[in-house]
Amino acid sequence: MGIAHNLDELKHLLGPLTVYQDYVRLAQRGRRSVGLCPFHKEKTPSFSVDLDNGLFYCFGCHKGGDMIQFVQEIEGVGFKEALEVLARKAGVTLELRGPAGGRDQAPDRRERLRKLVQEAQAYYRGALAAAPAASPVRAYVQRRGILPATEEALQLGFAPAGGGLMARLKRTGFTAEEAQEAGLVLDRGGGEWGERFRNRLLFPIVDVLGRTVGFGGRALGDDEPKYLNSPESPLFQKRDILYGLNWTKSAVREREQVVLVEGYMDFLAVYQAGVPNVAATLGTALAEGQVRLVKRYAKSVVLNFDRDAAGVAASRRAIQVLLGEGLGLRVISVPDGKDPDEFIKLNGAQAYEKLVEGAKPFFDVLVEQGKPLLVRGGVDGKMAFLDDVLPYLAAVGDPIERQEYAKDVAGRAGLDVGLVLGRLAKASAGDKGPVPVEGAPVRGEVPVDEQLLVKGMMMPEYRDRAVALVRALPEEILGDLATAPLLRGLAAGNGVRSPEETGLLAFILNSCHEVPSAEDLERAITRILEAGLRAHERRLQQQIKDASRQGDLGLVQILNREKMAILDQMRALGRP
Ligand SMILES: [Zn+2]
């Protein structure tokens, strides 16, 4: 693995578009690439990446910056984690030197735990690879129809019945206490430690940034529990993880849809069947953090939970949560109450893909489930049905959508539309009402001449000339410009910019389409100078007036002299 020593090197390795293309479908327009913004809903592209510098800007929601800021924003991570993501993507390790890297050097406890879990994964993976063909774990893998390619892709492992992880961890310098903190060993008291996973097939649980955070273990025989997860740890919070999304997030984003299943084995079966946009909830009720993840990558969800009582309850809860978040929602019902794994074994991958394509809108399923109540008939049956459905309708975030659903459900159930809407209004009355849209910060107007100047400074062929022009600007004029800090930084050429300055630069490079000529730059600087001198002259005139009103003739004289000098400069520009 190579090493990158600074951020520019890293950005250069990745190229201007790689990172953005993972999240946005881009089309080239001149020296820019444009696409639909991943940060806000839109139908026409306002997201733009400038190909020369790899800076992005959205003209709809006004987010902008470099690829690090982009990753921070879209993955919801901090600066340091964003760098990790980029380094992993570039296939290098990042060893920052100097002031920029200094603050990121201290290896914290969390980092040590990550290394420990990484080590454990390597151990388990090696143990599966080394298991002889006749061993129970191999027999299990075979029996479940897990293909070698899938085993490799999901990095499956094996925890031997006799243990061995702790010895390996100790050899590599970790303590039992650390292994306990990561949830891999248990304190048996009296200096005895036991390994949590024994005689199980292991699924590494990996977060969306590609870091292993824990394990799920499937018993090979009849051991209980059938599935055993790592406990929560500083690295692993179940409620913030969707199993498998790290491998499928590109496909999920591409299709704008995720197929949600309940566990590792379901995930494995669906993934192996060639459905690339699947993720699993790890058998918990769908939590807020998981919904946030879904929203980051998809606009709609196809739910395929088990049809046993627990599965139905989980999917009904999930439906409410997902609807409330404005996600499109369809539900798969697998015939004969099978789980996806069983169904695919019996009917093949294509049959399952058909089920995904034919997934029904959620309210069809609700109506279906409520049929027995309706069949019972009479007012009681209808009202019982309505009570059953109302919480879901009320959960629909968009009021217009909510009404449409209500009308549809009423039609299907043979209920009076007015009645349904009336009850719905009552059920929704407790709502907080519409959530105000977060005000997007709008970039202050940046005059075209300043944009040209900034653009010129970013072009190798004009840079020297543009720097000279900026340096020649009197400080009192430069200081008044909207782009002053950015221009000063560019002229100094040290490449150190605040996130705000990078955002401003991103805005300018993505909105200034024409390539300026040397004459354009000269004209721009002349106009900036002229406007600055005029403003200065106006200010002086005001000060002269004030000074003479106060009878301070000395000051008037000094100011007059300054004014003359300004007029001289304006004459020199050819505009008296
Ligand atoms: Zn946007």
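Two strands count as paired here if DSSP finds at least two bridges between them, and strands themselves (E, at least two residues), like helices (H or I, at least four), are DSSP runs numbered from the N terminus. The views below come from a predicted model, in which local features need pLDDT of at least 70, side-chain atom pairs count only at pLDDT 80 or more, and totals for chains, interfaces and linings use all residues. Residues are numbered from 1 along each chain as its sequence is written.

**View 1. Strand E5 pairs with E4 and with E6.** Let us start with strand E4 (residues 47-50), which is antiparallel to E5 and joined to it by four bridges. Asp 50 stands opposite Leu 55 of E5. Four residues separate the two strands of this hairpin, and Gly 54 in the turn has a positive phi of about 70 degrees. E5 also runs antiparallel to strand E6 (residues 64-65), with two bridges between them; here Phe 56 has Gly 65 as its bridge partner. This second hairpin has five residues between its strands, and His 62 takes a positive phi near 65 degrees.

**View 2. Leu 235 sits in the loop between strand E13 (227-229) and helix H11 (245-255).** Beyond neighbours within four places in sequence, Leu 235 is in contact with Arg 110, Leu 113, Arg 114, Val 117, Ala 182, Val 213 and Gly 214 (contact means C-beta atoms, placed from the backbone, within 7 Å). From Leu 235 to Asp 207 the C-alpha to C-alpha distance is 9.5 Å, with the two 28 residues apart in sequence.

**View 3. Five strands form an open sheet with mixed pairing.** Reading across, the order is E15-E14-E16-E17-E18. Strand E15 (278-280) and strand E18 (360-361) each have a single partner strand, so one side of each edge strand is left without a neighbour in the sheet. E14 (residues 257-261) and E15 run parallel and are joined by three bridges, and Val 261 has Ala 280 of E15 as its bridge partner. Helix H14 (residues 309-324) lies across strands E16 (300-303) and E17 (328-331), at about 160 degrees to E17 (axes are lines fitted to C-alpha atoms, for helices over the stretch in contact, and angles run from 0 to 180 degrees between N-to-C directions).

**View 4. Helix H12 (residues 264-272) is mostly covered.** Eight of its nine residues are buried, among them Tyr 264, Met 265, Phe 267 and Leu 268. After H12 comes Gly 274, with a positive phi near 95 degrees.

**View 5. Helices H21 (residues 448-457) and H26 (residues 518-549) pack with their axes 9 Å apart.** The angle between them is about 135 degrees. H21 and H26 are therefore oblique to each other (under 35 degrees is roughly parallel, over 145 roughly antiparallel, 65 to 115 roughly perpendicular, and the rest oblique). Asp 449, Glu 450, Leu 452, Leu 453 and Gly 456 make the contact from H21, meeting Asp 520, Leu 521, Ala 524, Ile 525, Arg 527 and Ile 528 of H26.

Terms used. Two residues are in contact if their C-beta atoms, placed from the backbone, lie within 7 Å. A residue is buried if 20 or more other C-beta atoms lie within 10 Å of its own, exposed if 12 or fewer, and partly exposed in between; C-beta atoms are placed from the backbone.
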